[in-house]
There are 2 protein chains.
Amino acid sequence: MVTQKSAPIPRMSADARRAQVLDAATGAFARTGYAGTSTDVVAREAGVSQPYVVRMFGTKRDLFLAVFERSTDKIKQAFRAVLEEQPFDHEDDADWARLGAAYTELLADRDFLLVMMHGFAAGDDVAIGAQARSCMGEIYDLIRGTGCPAEQATGFVAHGMLLNVMLAMRAPEHVGESGALADMTACAFGDEGISAATAG
Amino acid sequence: MVTQKSAPIPRMSADARRAQVLDAATGAFARTGYAGTSTDVVAREAGVSQPYVVRMFGTKRDLFLAVFERSTDKIKQAFRAVLEEQPFDHEDDADWARLGAAYTELLADRDFLLVMMHGFAAGDDVAIGAQARSCMGEIYDLIRGTGCPAEQATGFVAHGMLLNVMLAMRAPEHVGESGALADMTACAFGDEGISAATAG
DNA sequence: ACCCTAAGTAATCAACTGATAACATGTCAA
DNA sequence: TTGACATGTTATCAGTTGATTACTTAGGGT
């Protein structure tokens with residue numbers, strides 16, 4: 001048997017590979033946060049070597065910032081879509097329901113919400129903190145763009161934070177254990193949101 | 001010069017030392033969260049050796065759980081104090097203002113709020129997640145004990161979560177940089193809360 | 001005086017972490 | 001064809017981390 005030339009290992013374009021690593025990193029950071037996630041598990045879940053991950057993004061922090069930005073971009077984009085889709089009347093409950101529904105739909109991408117949450121929690125890191133505050137400010141300004149009073153915008157964002165926290169503490173998987181959790185899950189997500197969150 | 005007997009190093013009672021370590025750990029976990037805090041920095045800030053910290057609590061996780069429990073106990077106690085102090089009418093705005101003020105006063109112990117926040121964020125850890133959900137449920141039930149509707153309790157808790165997030169992202173130290181941050185800080189804390197948070 | 005428990009430390013360890021350097025190999029343009 | 005660049009890997013490293021073991025010594029009771 002002649003020495004067989006092993007099949008050439010297929011390669012990816014840099015962009016595709018970068019996206020793949022970003023996906024893996026999003027999942028990992030969503031689960032275990034910034035400090036709790038190693039570049040090694042990101043690499044393993046992306047199917048590449050650990051040094052490659054580091055070299056692609058420079059540092060672990062830069063990787064997280066990229067993941068954070070991509071996640072929050074999706075979230076902001078979802079809000080913008082609702083707000084631009086048709087005129088928004090901040091005194092009309094139906095319009096707020098549409099905005100809330102955009103939130104609920106984000107549960108399909110629960111990792112994005114969790115990454116955002118963990119970015120907020122990692123605010124002790126100077127670079128992450130700055131980006132977190134900037135993100136929060138942009139979202140708030142987006143809501144205020146409807147012309148609603150500050151209290152209404154704050155209340156909406158506050159419910160969003162509750163949703164993030166409930167997700168982070170794995171509440172959807174434990175709604176059955178406590179009426180309180182069930183209540184808050186229902187309130188934060190809307191009733192139709194529960195099934196989506198539980199399925200995820 | 002005769003060999004001098006070095007002054008005997010004074011010792012502490014186990015309880016006092018434990019309290020000291022818990023204090024240090026509270027500060028450290030408040031800053032950098034569960035995964036981001038090493039038992040070594042806790043030990044240094046408590047003025048004891050690292051192995052001693054570990055042996056006192058068993059594991060780092062157990063230490064965090066102790067810190068988390070102590071923090072959330074203080075928070076629940078603050079709410080209970082307000083609710084038992086005088087009859088609470090959930091249709092009276094003044095009563096809700098009293099409850100909100102209890103929150104604001106907790107800013108003096110901002111570390112407790114941050115520890116709670118980081119406990120919520122570390123929900124991926126099974127033990128921490130369970131305790132986080134339990135804590136959240138208890139607080140919610142406490143509020144519901146006023147007889148208020150679920151939406152009202154959820155809204156109150158949601159504002160608390162916003163406050164936690166704002167603290168975690170160091171918003172109080174940066175209110176000047178963004179009107180949005182200033183708005184949310186004011187809304188979440190109440191106007192008198194800002195100075196307390198900024199001073200901390 | 002003595003000893004025994006409780007309060008601590010120093011020494012050490014294996015595993016993990018983020019990062020660097022050196023090397024290997026597809027792939028495309030000229 | 002060939003060479004240069006882009007896509008990757010293996011090897012390695014110094015620092016950190018949580019935890020264990022063995023040792024030290026203060027201080028109260030008898």
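How many residues surround DNA strand C, and which are the closest? There are 22 of them, and the closest are A:S38, A:P51, A:T59, B:A14 and B:S49. The structure is a predicted model. Chain B can be laid on chain A by a turn of 180° and a shift of 0.0 Å along the axis, with an RMSD of 0.1 Å. The two copies are thus related as by a two-fold rotation axis.

**The surface near DNA strand C**

- Two or more residues each come from α2 (39-46) and α3 (50-57) of chain A, and from α1 and α3 (50-57) of chain B.
- The element that gives the most to this surface is α3(A), with 4 residues.
- Sorted by class, the residues near DNA strand C divide into 10 nonpolar, 6 polar and 6 charged.

**The surface near DNA strand D**

- DNA strand D has 22 residues around it, and A:A14, A:S49, B:S38, B:P51 and B:T59 come nearest.
- At least two residues each are supplied by α1 (14-32) and α3 of chain A, and by α2 (39-46) and α3 of chain B.
- For DNA strand D, the largest share of the surface comes from α3(B), which supplies 4 residues.
- The classes on this surface are 10 nonpolar, 6 polar and 6 charged residues.

**How the two protein chains meet**

- In chain B, 40 residues are in contact with 40 residues of chain A.
- On the side of chain B that touches chain A, two or more residues come from each of α1 (14-32), α6 (110-121), α7 (126-144), α8 (150-168) and α9 (179-189) of chain B.
- Among these elements, α8(B) gives the most, with 11 residues.
- The residues on that side of chain B divide into 21 nonpolar, 12 polar and 7 charged.
- Of the interface residues of chain B, 100% are also interface residues in chain A, so the copies meet through the same surface.

**The axis that relates the copies**

- Two copies of a chain are related by a rotation about an axis and a shift along it.
- Here the turn is 180° and the shift along the axis is 0.0 Å, so the copies are related as by a two-fold rotation axis.
- In chain B, the C-alpha nearest the axis belongs to B:A158, and it lies 2.5 Å from the axis.

**Packing of α7 and α8 in chain A**

- Two packed helices are described by the angle between their axes and the distance between the axes.
- For helix α7 (residues 126-144) and helix α8 (residues 150-168) of chain A, the axes come within 9 Å and cross at roughly 130°.
- This angle makes α7(A) oblique to α8(A).
- The crossing in which α7(A) passes α8(A) is right-handed.
- From α7(A), the residues that make the contact are A:I139, A:Y140, A:I143 and A:R144, while α8(A) contributes A:A153, A:F156 and A:V157.
- The residues of this contact divide into 6 nonpolar, no polar and 1 charged.

**Packing of α4 and α6 in chain A**

- Helix α4 (residues 60-85) and helix α6 (residues 110-121) of chain A pack at an angle of about 120°, with their axes 9 Å apart.
- The two helices α4(A) and α6(A) are therefore oblique to each other.
- Their crossing is left-handed.
- In α4(A), the residues A:V67, A:F68, A:S71, A:T72, A:K74 and A:I75 meet A:F112, A:V115, A:M116 and A:G119 of α6(A).
- The contact of α4(A) with α6(A) divides into 6 nonpolar, 3 polar and 1 charged residues.

**Packing of α4 and α6 in chain B**

- In chain B, the axes of helix α4 (residues 60-85) and α6(B) come within 9 Å and cross at roughly 120°.
- That angle makes α4(B) oblique to α6(B).
- When α4(B) passes α6(B), the crossing is left-handed.
- The contact is made by B:V67, B:F68, B:S71, B:T72, B:K74 and B:I75 of α4(B), together with B:F112, B:V115, B:M116 and B:G119 of α6(B).
- By class, this contact has 6 nonpolar, 3 polar and 1 charged residues.

Methods: Residues are numbered from 1 along each chain as its sequence is written. Chains are lettered from A and ligands numbered from 1 in the order in which they are written. This is a predicted model: local features need pLDDT of at least 70, side-chain atom pairs count only at pLDDT 80 or more; totals for chains, interfaces and linings use all residues. Two residues are in contact if their C-beta atoms, placed from the backbone, lie within 7 Å. Ala, Val, Leu, Ile, Met, Phe, Trp, Tyr, Cys and Pro count as nonpolar, Asp, Glu, Lys and Arg as charged, and the others, Gly among them, as polar. Axes are lines fitted to C-alpha atoms, for helices over the stretch in contact, and angles run from 0 to 180 degrees between N-to-C directions. Angles under 35 degrees count as roughly parallel, over 145 as roughly antiparallel, 65 to 115 as roughly perpendicular and the rest as oblique. A crossing is left-handed if the near helix is turned anticlockwise from the far one by less than a right angle, and right-handed if clockwise. Copies are superposed by least squares on the C-alpha atoms of residues with pLDDT of at least 70 in both. A residue is near a molecule or strand if its C-beta atom, placed from the backbone, lies within 6 Å of it.
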